[in-house]
Amino acid sequence: MDLLRRLFGSDEAPSGRVALFVDGPNVLRDEFDVDLDDIREAARALGGQMSTARLYLDEHATPGLIQAAEARGFEVVVTSGDVDVKLAVDLTRFAVERRAEVVAIASRDTDFKPALETANEYGLRTVAIAPGSYGRSDALQNAATHAVTLDELADETES
């Protein structure tokens with residue numbers, strides 16, 4: 001409850017649709033030891049109805065990772081090269097088309113700052129989910145209306 005109060009100003013999570021965008025190459029790294037289930041649970045902890053959960057990967061993604069992500073309910077988007085442009089365009093499109101009320105991005109990449117700012121301008125709540133406190137981007141944290149780490153969300157769901 002303390003986390004929800006900190007994030008949203010009350011004990012109640014916002015209602016509405018939640019769109020989750022995961023920057024696979026920046027989050028699914030050995031040094032962060034992040035599990036896809038943890039990311040999905042983090043978005044669920046934000047409340048509302050999950051309207052989309054997308055994992056963006058580059059062409060080097062293994063078939064096993066793609067299959068595991070799909071088995072966990074992620075729509076996998078594989079791009080040739082850097083995933084940043086595709087993810088940023090998709091997030092911005094969700095904001096402009098008002099396809100969600102809450103947009104959450106799991107990343108530590110400052111390249112997504114303009115996409116979060118656009119979503120904010122369209123009145124969406126934006127959440128920057130960092131893989132851990134040492135993987136947090138100050139730029140994303142400051143651009144989002146709310147920022148949290150997977151560790152904080154895990155602590156909240158365990159209590």
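User: Before we get going, what counts as a pocket here?
Analyst: A pocket is an open set of grid points with protein on both sides within 12 Å along at least five of seven lines. Keep in mind that this is a predicted model.

User: Thanks! How much space lies in the second largest pocket?
Analyst: The second largest pocket holds about 150 Å³ of space.

User: And which residues line it?
Analyst: The lining of the second largest pocket is made up of Gly24, Pro25, Leu28, Leu57, Asp58, His60, Ala61, Thr62 and Leu65. Helix 2 (24-27) and strand 2 (49-58) are the elements that each give two or more residues to that lining.

User: How do those lining residues divide into nonpolar, polar and charged?
Analyst: For the second largest pocket, 5 of the lining residues are nonpolar, 3 are polar and 1 is charged.

User: Let's zoom out. How many helices and strands does the protein chain have?
Analyst: There are 8 helices and 6 strands in the protein chain. Following the sequence, the order is α-β-α-α-β-α-β-α-β-α-β-α-β-α.

User: What share of the residues is buried?
Analyst: Of the 159 residues in the protein chain, 47% are buried.

User: Now the inside. Which residues of the largest nonpolar core touch the most other members?
Analyst: That core has 24 residues, and the ones touching the most other members are Leu20, Val22, Ile39, Leu55, Phe74, Val127 and Ile129. At least two core residues come from each of strand 1 (17-23), helix 3 (36-44), strand 2, strand 4 (102-106) and strand 5 (125-130). Helix 3 provides the largest share, with 4 residues.

User: Where does another core come in?
Analyst: Another core, of 23 residues, lies apart from the largest one, and its members include Phe21, Tyr56, Ala115 and Leu116.

User: Last one, Thr79. Which strand does it lie in?
Analyst: Thr79 is part of strand 3, which covers residues 75-79.

User: Why does Thr79 count as buried?
Analyst: Thr79 counts as buried because its relative accessibility is 12%, and the cut-off for buried is under 20%.

User: And what is Thr79 in contact with?
Analyst: Neighbours within four places in sequence aside, Thr79 is in contact with Leu57, Asp58, Glu59 and Lys86.

Definitions and conventions
Residues numbered from 1 in each chain as written. Predicted model: local features only at pLDDT ≥ 70, side-chain atom pairs only at ≥ 80, totals over all residues. Heavy atoms only, no water. Buried < 20%, exposed > 50% of the residue type's maximum accessible area, 1.4 Å probe, protein only. 1 Å grid on protein atoms, 1.4 Å probe; cavity = no way out; pocket = protein on both sides within 12 Å on 5 of 7 lines; lining within 4 Å. Points joined across faces, edges and corners; volume = space filled by probe spheres on them. Nonpolar A, V, L, I, M, F, W, Y, C, P; charged D, E, K, R; others polar. Core = buried A, V, L, I, M, F, W, Y, C linked by side-chain atoms within 4.5 Å. Contact = heavy atoms within 4.5 Å.
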